[in-house]
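Have a look at the model while I talk you through a few things in it.

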Amino acid sequence: MISNEQAKRMVGPGWGKIIDNFYRKIPPEAWVYSMKEKFGALRIDGYNIPWEIEEEAMTASEKICELCGDNGETRDLSWISTLCDNHYQEKLKQNEERVKN
């Protein structure tokens with residue numbers, strides 16, 4: 001089983017509070033063996049995790065910037081991510097620079 005701290009290192013720092021909340025709610029017999037970002041949302045793989053708790057974390061991640069924890073939305077920048085307005089603009093500029101070079 002991966003620990004809370006290990007899980008937080010697998011995704012962006014903005015989702016740390018979501019992961020903390022998730023780990024507080026799962027029962028002791030639950031096992032988490034993978035946590036990742038996929039299509040702009042948190043994905044959790046494990047054993048004996050109540051679906052309601054997993055779904056709550058996944059749904060929350062779709063509205064929180066993965067990088068900073070501010071309010072965000074799912075954005076498609078050749079890689080689907082959940083970002084706040086500031087990080088979205090930053091990623092747009094980075095993409096424009098890559099295209100120029």
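So, Y47 sits in strand β2, which spans residues 41-47; strands here are DSSP E runs of at least two residues, helices are H or I runs of at least four, and both are numbered from the N terminus. Bear in mind this is a predicted model: local features need pLDDT of at least 70, side-chain atom pairs count only at pLDDT 80 or more, and totals for chains, interfaces and linings use all residues. Residues are numbered from 1 along each chain as its sequence is written, and side-chain values use heavy atoms, leaving out hydrogens and water.

Back to Y47: its relative accessible area is 53%, so it counts as exposed, meaning over 50%, while buried is under 20% and partly exposed is in between, with a 1.4 Å probe and protein chains only. Together with M1, W31 and Y33, Y47 makes a nonpolar surface patch of about 530 Å². Patch residues have over 30% relative accessible area and no salt bridge, with nonpolar side chains joined within 5 Å and like charges within 9 Å; a salt bridge is a Lys or Arg side-chain nitrogen within 4 Å of an Asp or Glu carboxyl oxygen.

Now, helix α3, residues 51-61: I53, E54, A57, M58 and S61 are buried there. They share one side of α3, because they cover an arc of only 130 degrees around the axis, going by directions from the axis to the C-beta atoms. Their cover includes α2 (16-25), β2 and β4 (80-83).

Zooming out, the chain has 4 helices and 4 strands, running α-α-β-β-α-β-β-α from the N terminus. Of its 101 residues, 40% are buried.

Key. Areas by Shrake-Rupley, 256 points an atom, 1.4 Å probe, with all protein chains shown as cover. Contact = heavy atoms within 4.5 Å.
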